Amino acid sequence: MLSRRLPFTIVSQCRCHSVASSECADGNNSKYDVIVIGGGHAGCEAASAAARMGVRTLMVTHKVEKIGEMSCNPSFGGIGKGHIMCEVDALDGVCSRVCDLSGVMFRVLNRSRGPAVWGNRAQIDRDQYRDNMQREILSTPNLTVRGGAVEDLVMSSGATSESPNSSSPHVAGVVLESGEVIPSRSVVLTAGTFLNATISVGTTVKQAGRLGDAPSIGLAKTLADIGFTVAQLRTGTPPRILASSVQTQGLGVQHGDEPPHPFSYLNNRPVLDAPQEVTYQTATTPETNAIAVESLDRNYHIKEEVNGPRFCPSLESKCLRYPNLRHRVFLEPEGRDSKLFYPQGLGCTMPEDEQERTLRTVPGLERAEIVVPGYGVHYDFFDPRQLRTTLETRRVGGLFFAGQINGTTGYEEAAGQGLIAGINAVQRVRGREPFTLDRADGYIGVMIDDLTTNGCAEPYRVFTSRAEYRLLLRPDNADVRLTQKGIDIGVVGERRRHSFNELSTHFREALDILSGVRMTWSKWRHVTRHDDMPDTSTVIGADKILPMLNNVSALGEMCQLPRLSVLLQCQHIANKVLAHSIYRASAGQMSALVKEFRRDEALRLPADFDYCEHAANVGMSAEVAEKLNRIKPETLGAASRIGNVPVGSLIQLMVYLKKKQLVT
């Protein structure tokens with residue numbers, strides 16, 4: 001409880017502060033329309049989006065100098081994650097542009113598969129990324145940044161201008177650690193791993209959100225007292241090792257792509273002021289695995305009954321699960337001028353002396369010096385089924401959660417959520433329709449639907465396999481899918497709008513040029529020197545043979561089409577043309593499935609319907625009714641994706657709701 005006398009009533013059962021709606025919730029008395037708590041990847045996107053939309057925005061973060069800090073791995077993107085980066089960029093988000101400024105090595109993963117599942121990835125200079133992100137955030141119009149810890153929330157009850165018919169509680173501002181109250185009309189909470197967090201090395205445990213930074217204890221208690229369902233997850237990070245102490249001779253080497261592919265549609269290539277860096281590859285040995293298992297009795301992090309990331313497990317977890325395998329280790333540079341390597345794959349939380357022993361058993365690391373030990377983090381997260389698809393909490397109006405607080409893992413997942421939360425915080429303040437993305441709109445929509453429908457028992461990571469319509473949700477067409485939506489709601493700036501229109505025009509021009517070049521199969525066989533083509537007189541267009549070549553730039557040169565060659569110098573155009581040609585045949589079939597999906601999504605379920613009360617009349621089991629009551633799916637489609645909910649129960653539900661005229 002804050003000792004300072006506050007100008008409103010204290011609610012006895014809850015730490016949060018209550019105020020009559022007329023005192024603080026009215027926009028006329030609020031200095032800020034949106035307050036974003038946190039300056040990590042979710043917070044940066046949320047604050048930037050709100051400010052771009054023209055509302056008065058405040059970012060409150062523990063340390064201004066830590067805005068944009070990359071707490072774990074020095075990389076962005078990957079399979080699935082790179083797709084989210086493209087979607088954030090298509091809505092004029094900032095992380096992709098900052099990565100293009102800060103990257104030191106760029107690769108496209110999954111090239112052996114079709115372009116629908118290619119994953120843009122880059123090694124990032126930590127210091128440059130942080131500096132460039134801070135430069136972006138601190139120069140954004142309508143955005144004020146303030147250092148400090150948020151200790152509490154200001155709560156209000158009754159109707160507001162945003163929700164005139166609501167009687168449920170809603171957020172009306174924040175209380176800083178100093179006791180200062182800052183009114184606001186909405187709040188986006190992006191606390192990362194800081195809520196009620198502890199870090200551990202071996203059996204040594206202390207309160208911290210990451211090494212050197214204090215956790216958020218008061219705010220975690222406030223949220224638990226409000227009644228949010230809370231649990232804990234764990235994550236970890238490997239030791240940082242002195243690069244000069246690594247023997248790289250004989251290790252595998254990974255180089256960047258030439259030309260390097262940018263994340264942002266605004267750039268044709270990333271900004272590289274020097275040759276690309278390389279990463280080195282090694283692997284654990286049986287001795288490594290033995291030490292990891294032997295040290296478990298001195299490892300608090302692994303002994304705790306808290307779930308960790310399945311798809312980025314600690315060394316100890318891998319060795320327990322697969323004791324006879326050699327586990328890959330990638331030595332990633334932390335920056336151009338950094339003296340450190342980040343050993344991806346050696347995340348561990350054993351005592352520091354055991355970490356040193358472990359490194360000695362890995363080829364190339366026999367003399368490696370640890371500069372910062374690996375450590376584990378335990379932190380609070382809140383069941384994301386307590387959220388609407390706008391990422392607004394159901395329990396408190398105007399309060400949005402984004403990032404690891406929702407059980408996700410990764411910079412990219414956090415950025416995607418922050419963007420959606422920031423947009424919807426503004427939409428709520430303005431009393432406008434919410435902005436949501438569904439599973440057919442993008443990977444951000446897939447992620448949010450997965451979280452709000454089924455929750456997560458372990459840190460959630462995006463994969464291309466999670467998306468049913470992945471042939472339509474490609475990295476090359478995120479701008480086509482999303483940028484116009486962003487323009488319509490005002491989150492996309494003029495530069496992006498102009499670039500999008502120009503890119504779209506050039507793409508259509510390239511397709512027209514290709515479809516206008518027609519020759520017999522025999523002629524194509526001769527021109528392309530492709531022996532698998534039939535030797536017939538059937539005439540066919542260049543756009544139809546492109547999937548066989550899988551190289552649009554080469555086709556432009558073979559056909560001696562100078563204008564096409566100029567257009568294809570833009571990597572985005574080349575990728576768009578190739579993907580369009582490959583997936584054109586299947587796009588129609590996929591679009592039919594999307595149409596069917598959207599039909600179910602259009603059937604909206606009543607938000608205040610008590611499934612338990614009506615279970616007998618509907619004809620559904622008490623177990624199903626209880627599950628629907630807990631999750632409160634917004635649409636019939638969302639209800640159908642809840643685990644162990646029979647289709648028959650949903651059919652009976654729709655019959656009942658239509659009879660009662662409760663379906664919209």
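1. Helices (H or I, at least four residues) and strands (E, at least two) are DSSP runs, numbered from the N terminus. The model is predicted, so that local features need pLDDT of at least 70 and side-chain atom pairs count only at pLDDT 80 or more, while totals for chains, interfaces and linings use all residues. Residues are numbered from 1 along each chain as its sequence is written, and side-chain values use heavy atoms, with hydrogens and water left out.

2. On a 1 Å grid over the protein atoms alone, a cavity is a set of points where a 1.4 Å probe fits but cannot get out; a pocket is an open set with protein on both sides within 12 Å along at least five of seven lines; lining residues have an atom within 4 Å of a point. Grid points are joined across faces, edges and corners, and a volume is the space filled by probe spheres set on the points. A search of the whole structure gives 3 cavities of 30 Å³ or more. The largest cavity holds about 160 Å³ of space. It is lined by 14 residues, of which Asn-120, His-261, Pro-475, Asp-476 and Asn-575 are the closest to its centre. Helix H19 (residues 571–601) gives the most to this lining, namely 4 residues. The lining comprises 7 nonpolar, 4 polar and 3 charged residues, where Ala, Val, Leu, Ile, Met, Phe, Trp, Tyr, Cys and Pro count as nonpolar, Asp, Glu, Lys and Arg as charged, and the others, Gly among them, as polar.

3. Second largest cavity. Its volume is about 40 Å³. The residues that line it are Tyr-265, Leu-266, Asp-479, Thr-483, Arg-496, Ser-499, Phe-500 and Leu-503. At least two residues of the lining come from each of helix H13 (478–489) and helix H14 (494–516), and H14 has the largest share, with 4 residues. By class, the lining of the second largest cavity divides into 4 nonpolar, 2 polar and 2 charged residues.

4. Ile-487. This residue is found in helix H13. Contact means heavy atoms within 4.5 Å. Apart from its neighbours within four places in sequence, Ile-487 is in contact with Val-492, Arg-497 and Phe-500. Between Ile-487 and Arg-497 there are 7.1 Å in space, C-alpha to C-alpha, and the two are 10 residues apart in sequence.

5. Second largest pocket. About 1200 Å³ of space lies in this pocket. Of its 49 lining residues, Arg-388, Thr-390, Pro-434, Arg-604 and Glu-634 are the closest to its centre. Helix H11 (411–429), helix H12 (443–454) and H19 are the elements that give two or more residues to the lining. The largest share, 5 residues, is that of H12. The lining of the second largest pocket has 16 nonpolar, 16 polar and 17 charged residues.

6. Helices H20 and H23. Axes are lines fitted to C-alpha atoms, for helices over the stretch in contact, and angles run from 0 to 180 degrees between N-to-C directions. Helix H20 (residues 611–618) packs against helix H23 (residues 647–659) at an angle of about 95 degrees, and their axes are 10 Å apart. H20 is therefore roughly perpendicular to H23; angles under 35 degrees count as roughly parallel, over 145 as roughly antiparallel, 65 to 115 as roughly perpendicular and the rest as oblique. H20 contributes Tyr-611, His-614, Asn-617 and Val-618 to the contact, and H23 contributes Ser-649, Gln-652, Leu-653 and Tyr-656. By class, these residues are 4 nonpolar, 4 polar and no charged.

7. Helices H3 and H4. The axes of helix H3 (residues 81–90) and helix H4 (residues 95–102) cross at roughly 110 degrees and come within 8 Å. Met-85, Val-88 and Asp-89 of H3 meet Cys-95, Ser-96, Arg-97 and Cys-99 of H4. This contact has 4 nonpolar, 1 polar and 2 charged residues.

8. Backbone features. Most residues other than glycine have a negative phi, and most peptide bonds are trans. Glu-258 and Pro-259 are joined by a cis peptide bond, with omega about 0 degrees. Pro-259 lies in the loop between strand E15 (252–254) and strand E16 (279–283). Lys-632 has a positive phi, near 50 degrees, and is placed in the loop between helix H21 (622–631) and helix H22 (636–640).
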